[in-house]
Amino acid sequence: MTPEVTSTYERRCRLLMRLAYPARFREFRGAELLSTLMDLAEPGQSSPTLRDGLDVLRGGLTLRLREHPPVWHWLPYRAFGWRLPWKYRWWARDDIQGRFFLERHVVFAVLGWSLYLTLIQSPIPLPYWPLLKVSGIAYLLLLPFRARLRRLLLARHEFHPDGASYVKSALQS
């Protein structure tokens, strides 16, 4: 393959892996998966075949679903910031360090309060626009504290601010 075709193919494979797999998987196994995809490439091919792409997406989705905590652990984590059991701590780390971390929490809060207001709603329907206004204001007020919230939740799940595990550090010393 020519260098520009290889770089285009490699870029598209990396994009596919970024869509499919969590960052932690790509950090530890990404080079292995990328080299496998590069070995599968035919000369002159500029993107993975549909079958290979769907295979990577299926594998990533399967991994994400396998690592996701069950709803009875996930709901208190998302609603109140409770600590997940040890088995799901690395999933929590990925979630906390992930993109749109604060936005996920704000959207969940809006949906939760909307459900609560719907269930206790009086015979006169309550408008939802005040809830959306308050949520928007809360989001804007929380934006400066995003990094602090992230560090706080990482510490609650026994991780350093950079995402390294306390337990791993203790084992190395």
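Is phenylalanine 100 buried, partly exposed or exposed? With a relative accessibility of 48%, phenylalanine 100 counts as partly exposed, where buried means under 20% relative accessible area, exposed over 50% and partly exposed in between (1.4 Å probe, protein chains only). The model is predicted: local features need pLDDT of at least 70 and side-chain atom pairs count only at pLDDT 80 or more, while totals for chains, interfaces and linings use all residues. Residues are numbered from 1 along each chain as its sequence is written, and side-chain values use heavy atoms, with hydrogens and water left out.

Phenylalanine 100 is not a glycine, yet has a positive phi of about 60°. This residue lies in the loop between H5 and helix H6 (101-119); helices (H or I, at least four residues) are DSSP runs, numbered from the N terminus. A positive phi, of about 65°, also occurs at glutamate 158, again not a glycine. Glutamate 158 is located in the loop between H8 and H9 and is partly exposed, at 24% relative accessible area.

Across the whole structure, a search finds 5 aromatic pairs. Rings of Phe, Tyr and Trp (its six-membered ring) pair if their centres lie within 6.5 Å; planes under 30 degrees apart count as stacked, over 60 as edge-to-face and the rest as tilted. The pair of tyrosine 21 and phenylalanine 25 is stacked because the ring centres are 4.3 Å apart and the planes stand at 15°. Tyrosine 21 is buried at 9%, whereas phenylalanine 25 is partly exposed at 23%. Tryptophan 90 and phenylalanine 159 form an edge-to-face pair, with 4.9 Å between centres and 75° between planes.

How values were computed. Helices (H or I, at least four residues) and strands (E, at least two) are DSSP runs, numbered from the N terminus.
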